[in-house]
Amino acid sequence: MSVSVDPTSVESTGGQSPEALRPHAEDAFAGELAALAAQDDRPRPARWKLSPWAVATYLLGGALPDGTVISPKYVGPRRIVEVAISTLATDRALLLLGVPGTAKTWVSEHLAAAVSGDSTLLVQGTAGTPEEAIRYGWNYAQLLAHGPSRDALVPSPVMRAMADGMTVRVEELTRVPADVQDTLITILSEKTLPVPELGQEVQAVRGFNLIATANDRDRGVNELSSALRRRFNTVVLPLPDSVEAEVDIVARRVGQIGRSLDLPTAPDGIDEIRRVVTVFRELRDGVTSDGRTKVKSPSGTLSTAEAISVVTGGLALSAHFGDGVLRPGDVAAGVLGAVVRDPAADRVVWQEYLEAVVRERAGWTDFYRACREVSE
C-alpha cells in the first residue's frame, strides 16, 4: 500500500518577492528558463522541464536560435556538466564532490532549477541533521490527539520529491551523522520510503532523483559508507584551471551580487579582481604563477568563493567610503582576513609572501602598501 503526499501540506516558497536578497535560481533566471523551454524541441525525460541538451545550455551558456543569450552559470569542463546531467536522467543519484569553493552548491541549485523548475527541495546537512529531515516527521499535536495518521505525518523534502517526481538536494552530505546518511540507502536503491507506523510506503515516481554535495577538506567529516557511495555516480568539480577562468567566474558572481545589493559597477575593478585571484591561486598552489618562486600555503582553502567574498566586500567599501572605483585599499583587508585564519602560523606565511613576492612585483606597489597598512 502506498501513501500520497499532498504538495500543499508544506508552504511553497515559489513566487518570491522582488525584494528577496538572494532569489532562487528558478526566479532569478526565469526568463532564460522560459526561453529555453520555448525553443527546446528535444526529448525530455519524464517530468523534466527541459531536455538534457537545454539543461546543459542553461548551465554553460550559449545563444538560442531566436537570439536569446543564455548566461553561463558554471565555467568549467563541458564534459563534467554533461556527465552530471546524464546521471540525473538515469536512476542513479548524483554526488558532486570537490574542495570548498568549487561551486558544488551553485551547480546543484541550477541543475534542480533547470530539471524540475524548483530548487527549494533541500536538506541542509549538519552534524545535527536528524533522520526526520530525510525521511519524515510527525505533527505531535495530531499524533497525540489521533495517533499515527496521514494527517499527522510531516513529509521531508526527500519524500515530497519522491511523490512528485522532482529533484531534491542534500547539501554537505558528509557532515550528516553516518547513521542518518544511511537512511538514504533504501530510498536510492529501492526508490521506496517505508512508513512502518502506517503500514504504508512512498514509492518514487518517474522524474525523482537526488543531488548531494560533499567535500573532504573540512573538519567533522563523516565518510560515506561503501553501501551508500555505491548508490551515487560521483562527479568531481575541479578548481578553475586558469587565472582567466577564475577571474571570469569572480567577475560574473560579483556583478550579480552587486546588482542585488544595488552596488555600483566598478569600471576598473577587473584589475583588482585579477590581483586577488592571483594571490589566492599562488598561495594555495604553493608557487608563483611564473613557477620561479615557491611559497608556503596557509591553512585556509582560498577558494573562488572566498575571492568573490573579498571582492564584493571591497566593492561595498569603494561604493560607500570611496569614489566608487575598486582600488587595492578596498580589497587588502579582505585578503588579509581570508589568508590569516591561524593568527600565528598564517601570519608568518602572509608576511613572507608579501615581502618576497608582492613587494617585488611590478605594478603592485599600491597593493603592497595597502596590505602592509592593514597587516601592521
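Me: Which residues are linked in a network of salt bridges?
Reply: Glu355, Arg359, Glu360 and Arg372 are. Bear in mind that this is a predicted model.

Me: How many salt bridges does a search of the whole structure find?
Reply: It finds 20.

Me: Why is the pair of Arg135 and Glu131 called a salt bridge?
Reply: The cut-off is 4 Å between a side-chain nitrogen of Lys or Arg and a carboxyl oxygen of Asp or Glu. Here the N to O distance is 3.1 Å. That is within 4 Å, so the pair counts.

Me: Is Arg135 buried or exposed, and what about Glu131?
Reply: Buried means under 20% relative accessible area. Arg135 has 17%, so it is buried. Glu131 has 35%, which falls between 20% and 50%, so Glu131 is partly exposed.

Me: What makes Lys296 and Glu352 a salt bridge?
Reply: Their closest N and O atoms are 3.6 Å apart. The limit is 4 Å, so they qualify. The pair links distant parts of the chain, 56 residues apart. Lys296 is in the loop between H12 and H13, and Glu352 is in helix H15.

Me: Why are Lys296 and Glu352 called partly exposed?
Reply: Lys296 has a relative accessible area of 48%, and Glu352 has 37%.

Me: What does the salt bridge of Glu306 and Arg341 tie together?
Reply: The closest N and O atoms of this pair are 2.6 Å apart. Glu306 lies in helix H13 and Arg341 in the loop between H14 and H15, so the pair ties together parts 35 residues apart in sequence. Glu306 has a relative accessible area of 14%, under 20%, so it is buried. Arg341 is partly exposed, at 46%.

Me: Which residues touch the most other members of the largest nonpolar core?
Reply: Val279, Phe280 and Trp350 do, in a core of 36 residues. Helices H11, H12, H13, H14, H15 and H16 each give two or more residues to this core. Leaving aside neighbours within four places in sequence, Phe280 is in contact with residues including Leu302, Glu306, Val310 and Val339. A second, separate core has 34 residues, among them Ala93, Val123, Leu153 and Val158.

Me: Why are E4 and E11 at the edges of their sheet?
Reply: The order is E4-E7-E10-E3-E11, in an open sheet with parallel pairing. E4 and E11 each have a single partner strand, so one side of each is left without a neighbour in the sheet. On average, neighbouring strands are turned by 20° against each other, direction ignored.

Me: What makes E4 and E7 a pair?
Reply: At least two bridges are needed. E4 and E7 have three, in the parallel sense, so they pair. One example is Gln124, whose bridge partner in E7 is Glu171.

Me: Which helices pack on the sheet?
Reply: Helix H4 is one of them, touching E3, E10 and E11, and its direction makes about 165° with that of E11. Helix H5 also packs on the sheet, touching E3, E7 and E10, and its direction makes about 170° with that of E7.

Conventions
Residues are numbered from 1 along each chain as its sequence is written. This is a predicted model: local features need pLDDT of at least 70, side-chain atom pairs count only at pLDDT 80 or more; totals for chains, interfaces and linings use all residues. Side-chain values use heavy atoms; hydrogens and water are left out. A nonpolar core is a set of buried Ala, Val, Leu, Ile, Met, Phe, Trp, Tyr and Cys residues joined through side-chain atoms within 4.5 Å. Buried means under 20% relative accessible area, exposed over 50%, partly exposed in between (1.4 Å probe, protein chains only). Helices (H or I, at least four residues) and strands (E, at least two) are DSSP runs, numbered from the N terminus. Contact means heavy atoms within 4.5 Å. Axes are lines fitted to C-alpha atoms, for helices over the stretch in contact, and angles run from 0 to 180 degrees between N-to-C directions.
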